[in-house]
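Please look through the sequence and the model shown here. The text after them walks through one part of the fold.

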Amino acid sequence: MKKLNSKRQQKTLAAIALIMSSAVSFSCVATDSLHRVVENGAKDYLVSQLADNSADTNIDVDIVKIDDRINIPECPEGYQYHTSEEALRQSYISVRVSCQNNDWYLFTSGQVSRTKDIVVTYGAVSPGTVLTSSNLKMASVDIKRLRYTTFTNIETLVGARMKRRATNGQAIQANMLCFVCKGDRITISAEVGKMKVKTAGIAQQDGVVGDNIQVLNASSKKTVIAKVASVEKVVIQL
């Protein structure tokens with residue numbers, strides 16, 4: 001009889017141990033799940049806030065992993081996230097996470113990378129090189145590396161001339177080239193109402209599309225200001 005009771009006690013203890021083990025395991029999974037919920041929520045929040053000012057910029061956010069030892073309570077109404085406008089311009093952004101149901105809150109942070117799909121060199125390019133589709137390609141570049149106007153379409157650069165040496169994969173920026181270069185023979189197009197007049201000229205300055213430069217009218221020998229329209233072409237609005 002005593003042996004039978006002993007076996008029953010052992011089975012009972014084993015069952016209790018199994019239940020306790022399952023409860024602890026479930027608790028750990030639940031805690032881990034809340035940590036991931038907060039991390040994912042913080043990431044989604046930052047992406048949505050940063051998207052407002054990034055029409056042509058790719059945004060990637062990497063949220064710092066929250067310490068598993070930190071207790072995160074459940075929040076039936078959903079966690080709230082907040083950061084300042086100033087912080088949104090930084091590379092590392094602190095985010096306050098809170099819950100309306102209680103006074104709980106914590107701070108987490110995310111590392112933000114901002115890239116832009118632009119035209120870069122395909123292979124090394126020497127000064128004086130006329131750009132073609134064979135020495136250009138598209139690439140995603142960190143915007144912190146860009147200080148001048150860049151280009152997002154390869155075709156718009158075909159025919160432009162490099163003013164300086166560029167290494168493979170270097171971003172093509174406006175200060176590196178000219179669509180019309182000083183000394184180039186160009187076409188001057190003048191528009192008067194519905195009439196268009198064309199004449200030959202010589203560029204007196206370097207310029208990219210949109211720049212206003214000085215050009216010499218080959219016929220009148222007068223210097224005028226014209227806007228660069230494309231490779232070897234400028235326009236005068238009369």
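This is a predicted model: local features need pLDDT of at least 70, side-chain atom pairs count only at pLDDT 80 or more; totals for chains, interfaces and linings use all residues.

Residues are numbered from 1 along each chain as its sequence is written, and side-chain values use heavy atoms, with hydrogens and water left out.

A barrel is closed by 5 strands in the order E8-E9-E10-E11-E12, with mixed pairing. Strands (E) are DSSP runs of at least two residues, numbered from the N terminus, and two of them pair if DSSP finds at least two bridges between them. From one strand to the next, the twist averages 55° (axes are lines fitted to C-alpha atoms, and angles run from 0 to 180 degrees between N-to-C directions).

Strand E8 (residues 185-192) runs antiparallel to E9, and 8 bridges join them. Ile188 has Thr199 in E9 as its bridge partner. The hairpin of E8 and E9 has 2 residues between the strands, and Gly193 takes a positive phi near 65° there.

E9 also pairs with strand E10 (residues 212-217), in the antiparallel sense, over 3 bridges; here Gly201 has Asn217 as its bridge partner. E10 is joined in turn to strand E11 (residues 223-230) by 5 bridges, again antiparallel, and Val215 stands opposite Val224 in E11.

Met195 lies in strand E9 (residues 195-203). Is Met195 buried or exposed? Met195 is exposed, with a relative accessible area of 56%, where exposed means over 50% with a 1.4 Å probe and protein chains only.

Note on methods. Helices (H or I, at least four residues) and strands (E, at least two) are DSSP runs, numbered from the N terminus. Buried means under 20% relative accessible area, exposed over 50%, partly exposed in between (1.4 Å probe, protein chains only).
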